[in-house]
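Hi,

Here is the structure I promised to pass on. Have a look at it first, and my notes on it follow below.

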Amino acid sequence: MNQIKSAKKRIFYYDIIRAFAIICIIACHTFASFASTKGLFGSNFWYYSVYLNMLRNLGVPLFVVLSGCLLIGRKDSLITFAKKRLNRVLVPYIFWGIIFILFVIFLQYIGQNYYDYGTIGNLIFSVFNINPDGKTVFFWFVPMILVTYVIIFIINKLNERYENTLKIALIISLILIVLINIDLIPKSKPYNYLYYFIFAVMGYYLSGCDLNNNKYVNLSYNKLLALFLIIAIAFYSAEILLLTSHSLSIKSYGSISQFNILNIIAVLSTFLAFRCFSESDGIINKLESSKLGKAIFSVSVCSYGIYLSHMIVKYGFYILLAPLKSQKFVYTSLTLVLTLVCSWALILILSKIPVLKRLCGV
């Protein structure tokens with residue numbers, strides 16, 4: 001599998017995964033505060049919030065898996081790499097970081113303290129920090145993906161000279177998974193930014209393997225789709241059960257690492273389910289040419305911009321939908337849907353303005 005990747009026709013199931021991943025992340029940011037509210041512990045709404053909040057454990061790794069599918073095996077020079085990857089990530093990050101800072105200052109001016117950082121200096125440092133915290137915690141994805149891109153670039157360069165580089169990268173990834181799960185190396189940010197290449201390497205191998213045309217597997221893609229869906233749902237649900245049981249026992253909301261073996265299996269099974277769907281009975285071709293398919297493609301293209309802008313949009317709906325706050329299921333679910341749709345619309349509009357297209361994250 002030591003192939004050289006070049007420009008190809010866009011792979012539609014990658015777009016489906018990317019659209020699904022951004023929905024997962026918006027769901028997490030919509031429900032995070034409710035999942036950690038002690039007064040809700042044990043209620044039906046709490047379990048609902050935890051289930052949707054934990055979708056971050058699928059969304060972020062799936063983005064990295066796709067990076068591995070698309071980037072590992074490429075022969076890019078350092079200049080090409082910096083221009084295509086670092087530039088494409090950093091410019092929108094700086095743009096939306098500045099917009100976010102101005103937004104917070106505006107909120108403080110009108111007496112809204114949802115984002116309270118004290119001084120402007122603290123606010124700027126919190127946004128443009130290798131390990132963002134507080135209300136800007138969502139920006140952590142940017143330094144993480146940049147670190148992952150650098151590691152992928154190094155792997156690709158080594159792979160040009162040493163033919164076993166990718167196999168060694170896979171072995172190192174498996175060793176790291178074991179070490180992380182037996183708590184022998186730190187799992188906290190920003191140390192774990194170095195580990196995310198694990199998902200990239202897994203994505204590279206899974207995207208290229210022949211799932212139903214070998215001596216070990218004799219199942220149709222439809223049956224494999226059902227199998228991987230069951231595995232993904234089962235392992236994701238096991239994560240939720242583990243998290244909720246632990247949180248109730250210690251009376252404090254905990255967390256599960258995205259490198260937990262349960263989550264890794266859930267992520268990879270989700271990816272394989274989407275891949276099998278793309279091979280099943282021509283359905284993918286019908287979907288791709290439909291209006292829904294075009295919408296999925298558009299959300300995929302806009303996903304990075306949606307990621308960087310959605311927290312601003314979400315807060316706007318927190319204010320507009322405040323009269324529904326007592327109806328928690330309606331309030332949060334509506335916030336999720338409207339945040340996704342309006343963030344998507346915002347990026348689409350900005351992308352039509354030539355001077356802003358490069359800045360907005362398309």
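His29 is buried, with a relative accessible area of 14%; buried here means under 20% relative accessible area, exposed means over 50%, and partly exposed is what falls in between, using a 1.4 Å probe and protein chains only. His29 is found in helix 1, where helices (H or I, at least four residues) and strands (E, at least two) are DSSP runs numbered from the N terminus. If you skip its neighbours within four places in sequence, His29 is in contact with Phe138, His310, Met311, Lys314 and Tyr318, contact being heavy atoms within 4.5 Å.

Before you go further, a word on the ground rules. This is a predicted model, so local features need pLDDT of at least 70 and side-chain atom pairs count only at pLDDT 80 or more, while totals for chains, interfaces and linings use all residues. Residues are numbered from 1 along each chain as its sequence is written, and side-chain values use heavy atoms, with hydrogens and water left out.

Back to helix 1, which also holds Phe12. Phe12 counts as buried, at 6% relative accessibility. Its contacts, again leaving aside neighbours within four places in sequence, are Ile284, Leu287, Glu288, Gly293, Ile296 and Phe297. Phe12 and Phe139 are 127 residues apart in sequence, and their C-alpha atoms are 27 Å apart in space.

Now the open space. The search ran on a 1 Å grid over the protein atoms alone: a cavity is a set of points where a 1.4 Å probe fits but cannot get out, a pocket is an open set with protein on both sides within 12 Å along at least five of seven lines, and lining residues have an atom within 4 Å of a point. Points are joined across faces, edges and corners, and a volume is the space filled by probe spheres set on the points.

The second largest pocket holds about 810 Å³. Its lining has 32 residues, and those nearest the centre are Cys28, Arg56, Val137, Trp140 and Lys189. Helix 1 (12-35), helix 3 (56-71) and helix 12 (291-320) each supply at least two lining residues, and helix 1 gives the most, with 6. By class, that lining is 14 nonpolar, 13 polar and 5 charged residues; Ala, Val, Leu, Ile, Met, Phe, Trp, Tyr, Cys and Pro count as nonpolar, Asp, Glu, Lys and Arg as charged, and the others, Gly among them, as polar.

How many cavities of 30 Å³ or more does a search of the whole structure find? There is 1, and the largest cavity has a volume of about 70 Å³. The residues lining the largest cavity include Leu71, Arg74, Asp76, Phe81, Tyr149 and Lys157. Helix 4 (78-109) and helix 6 (141-161) are the elements that give two or more residues to this lining, with helix 6 giving the most, 5 residues. The classes for the largest cavity are 5 nonpolar, 1 polar and 5 charged.

On to the rings. Rings of Phe, Tyr and Trp (its six-membered ring) pair if their centres lie within 6.5 Å, with planes under 30 degrees apart counted as stacked, over 60 as edge-to-face and the rest as tilted. That rule gives 31 aromatic pairs. One aromatic cluster is formed by Phe63, Tyr93, Phe100, Phe128, Phe138, Phe139, Phe141 and Tyr307.

Tyr204 is buried, with a relative accessible area of 1%, and belongs to the buried part of helix 8.

Lastly, two residues with more accessible area. Leu320, in helix 12, is exposed at 62% relative accessible area. Its C-alpha atom is 9.5 Å from that of Thr335, which sits 15 residues away along the chain. Ala345 lies in helix 13 (residues 328-351) and is partly exposed, at 31%.

Cheers
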